[in-house]
Amino acid sequence: MRTMAIVRRVFKQMLRDKRTLALMFLAPLLIMTLMYFLFQNNTTQVASLGVHHVDQSVVNVIDTKNVTIHHYDSSQARKMIKQHDLDGYLTQKNGQLTITYSNSNPTNTSLIKASLQSGLVKLKMKTLVTVTKKQRAALESQQAALKKLTAAQTQATVTKLKTAIAQAQARGDQATAEKLQKQLKQATATTSSSTQSAKATSYTTKSHYIYGSSDSTFFENFSPAFLGFFVFFFVFLISGVSLLNERTTGTLSRLLATPIRRSEIIMGYLIGYGGFAIIQTVLTVVFTIVVFKIHLVGSIWLVFLTNLLLALVALTLGIFISTFTNSEFQMIQFIPLIVVPQIFFAGLVPVDGMASWLQAIAHIMPLYYGANALTAVVTKGAGLGDIGVNLLILVGFMVVLTMLNIVGMKRYRKV
Amino acid sequence: MATDYVIAKQVSKHFGHQQVLNQIDLTLPAGMIYGLIGPSGAGKTTLIKSILGMEAVDSGTVKVMDTVMPNRAVMAQVGYMAQSDALYETLTARENLTLFGQLMSVPKIKLAQMIDYAAGLVDLTSQLDKRVSGYSGGMKRRLSLAIALIQDPQLLILDEPTVGIDPELRQQIWTELNKLKDTGKSMLVTTHVMDEAERCDYLMLIRHGIALAEGTPAALKQQYAVDTIEQVFLKAGRMQDANDGNR
């Protein structure tokens, strides 16, 4: 009853605060849209490479859509890179190619590296191909001669057999005629098969994707983790600041001068702000699925459930953190400390590859469990059984923080 | 002694090294307006919070309605008006009253009636559906008082109830308080407005956490041989300082 009074109040206050509502509901959509276009658009990045005295054949194969070639008349790589703002510089002395990377942008460095490597492989292949072509021509002429020979032979056999068949039929010997007919077929068949074997096999690839499709982008990879992050971030901020306001304006103390239980206040907050978190989650998830056509493999209800648990953890965490702050400004100071580090462990960087102490840190981050579960559901279609442990850990976070919050309110009232 | 709403015995409390309350005794019977007067920082608010059970005392006991505090259930029988207006500014006055009425377990059918009654008492009936953010300081103070009255409590604890309220309305509020007193309710009121102190039935002077003097206004004036409570206050203060100096 008293809890519901708090819930109603939270709803009324939120509904009147249009700015906060807009922040909570529209900001995630805006950021998701931005991310969509940022990661969706795989426009080729182009690195600039300066060359000096390099064989034209080499230049030709390096010149791909990822690398633009500029010719210069100096062998001083360092100077030229600085002067013309190049990403790399290639020089040649006899058979030795020397490349200098600017390396101010590692992506461009690797672009040139890849281009150079594949170019050289292509070059080697070309020489191989010319050699093979010559061999093939020789082979083919031999084959032609052979074929002529076989053809002549077959022709002779065929004529012989045909006359034999005609004779057998004239004699009325049906059995012999059929036998000879078979032999005739065999003789003609060998000719066709021998021509077939001369053809070279050319390979084609057909790709299958277990998760996602050939159009899968980074966005699809990251979006589940970001769905969790938005809910976490906004709920953390809004619940933390609103409880802080209650403390600084004295309404919390006033509430506690009524027979309300401390747990009833916390529960009221959980239900009230949890409700808004649900709306936010539904809106963001549906938006990404409908507008960006994100391939959702698993159940949408599991996505909602995971996000709701994340929101509740964020809520209790926000309330908990707000007890250590005296102003909104101090609350904001906790964002880089508490919220931002979590995003590193949300799956953008694979946690398995991290140093073991970093992995240990990952395991105390609620978002690590939430984002992992979300990614598993969205991209791999994980079921409740697969992500159950993660969800239980989130529940654990929530329970512990809730109890801390209830105890923490003793500061304002002894019972 | 079922008619004593509040019995505080030897209540002491300190924050850090500062002794905020020093062995205070206070008894508030039914049907009385009890005034706590003293300069700011004297410990009035701490005493009130100790009586409400929101502040733990170092030593001594507090009983409200024959129940040892702190006790959550008893809080429903106490109307409390805090020193600062703790109101939800984005809500209307009616919504604030409804919220606290629900928290105070006012039955649903009675709630609307109680809101009208409390709002009428502080002359806010016509402004009930306005948001509190648009209220003046005096209106907020009156709304706070109305919230304290929402569950029709037998005991009212009012921390500086008339700050920022104009003289005419102050007059009205005191008339109402006296009416409430006649129905058997008791009030514990802090103030540092001396002419208000004269209206109380019984006074306690607090300074530096010590109860300097107590008694009816008339008795106090007689005791200190002065004409006004203000002079009682000044004289008692000087005597306390003199005593401290002698130590």
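Tutor: Let us begin with burial, for which a cut-off is needed: a residue is buried if 20 or more other C-beta atoms lie within 10 Å of its own, exposed if 12 or fewer, and partly exposed in between. Please keep in mind throughout that this is a predicted model.

Student: Which residues of α5(A) are buried?

Tutor: In α5(A) the buried residues are A:Asn108, A:Leu111, A:Ile112, A:Ser115 and A:Leu116. Because the number buried is 5 of the 66 residues in this helix, which spans residues 106-171 of chain A, α5(A) lies largely in the open.

Student: Against which elements do the buried residues of α5(A) pack?

Tutor: They pack against the strands β1 (47-52), β2 (67-71), β3 (88-93) and β4 (96-101) of chain A, and also against α3 (56-62) of that chain. Just after α5(A), A:Gly172 takes a positive phi of about 80°.

Student: Which residues have the most contacts inside the largest nonpolar core?

Tutor: They are A:Val235 and B:Ala146, in a core that has 143 residues. Helix α7 (residues 218-249) of chain A supplies the largest share of this core, with 15 residues. Leaving aside neighbours within four places in sequence, A:Val235 is in contact with A:Tyr273, A:Ala277, A:Ala311, A:Ala314, A:Leu315 and A:Gly318. Apart from this core lies another, of 16 residues, and among them are A:Val51, A:Val61, A:Leu111 and A:Leu116.

Student: Where does UniProt place the feature "transmembrane region" in chain A?

Tutor: The unreviewed UniProt entry places this feature at several spans of chain A, including residues 300-322 and 387-407. In the model, residues 300-322 of chain A are 100% helix, with the end C-alpha atoms 32 Å apart; residues 387-407 of chain A are likewise 100% helix, and there the end C-alpha atoms are 31 Å apart.

Student: How many residues does each chain bring to the contact?

Tutor: Chain B brings 24 residues and chain A brings 22 residues. On the side of chain B that touches chain A, helix α2 (residues 93-103) of chain B gives the most, with 5 residues, and the residues of that side divide into 16 nonpolar, 6 polar and 2 charged.

Student: How should I read a sheet, and in what order do the strands of the open sheet in chain B run?

Tutor: In general, strands of a sheet pair through backbone hydrogen bonds, either parallel or antiparallel. Here 6 strands of chain B form an open sheet in the order β6-β7-β8-β3-β9-β10, with mixed pairing. Because β6 (78-81) and β10 (210-215) of chain B stand at the edges with a single partner strand each, one side of each is left without a neighbour in the sheet. Strands β3 (residues 33-37) and β9 (residues 202-207) of chain B pair in the parallel sense over 4 bridges, and B:Ile37 stands opposite B:Leu205 in β9(B).

Student: What should I look for in the backbone angles?

Tutor: Most residues other than glycine have a negative phi, and most peptide bonds are trans. The peptide bond from B:Met69 to B:Pro70, however, is cis, with omega near 5°, and B:Pro70 is placed in the loop between β5 (67-68) and β6 of chain B.

Student: Is B:His208 buried, exposed or partly exposed?

Tutor: B:His208 counts as partly exposed because 19 other C-beta atoms lie within 10 Å. This residue lies in the loop between β9 and β10 of chain B and has a positive phi of about 50°, although it is not a glycine.

Conventions: Residues numbered from 1 in each chain as written. Chains lettered and ligands numbered in written order. Predicted model: local features only at pLDDT ≥ 70, side-chain atom pairs only at ≥ 80, totals over all residues. UniProt positions renumbered as here; feature names shortened; annotations may be inferred. Helix = DSSP H or I, 4+ residues; strand = E, 2+ residues; numbered from the N terminus. Contact = placed C-beta atoms within 7 Å. Nonpolar A, V, L, I, M, F, W, Y, C, P; charged D, E, K, R; others polar. Core = buried A, V, L, I, M, F, W, Y, C linked by C-beta atoms within 7 Å. Pairing = 2+ DSSP bridges.
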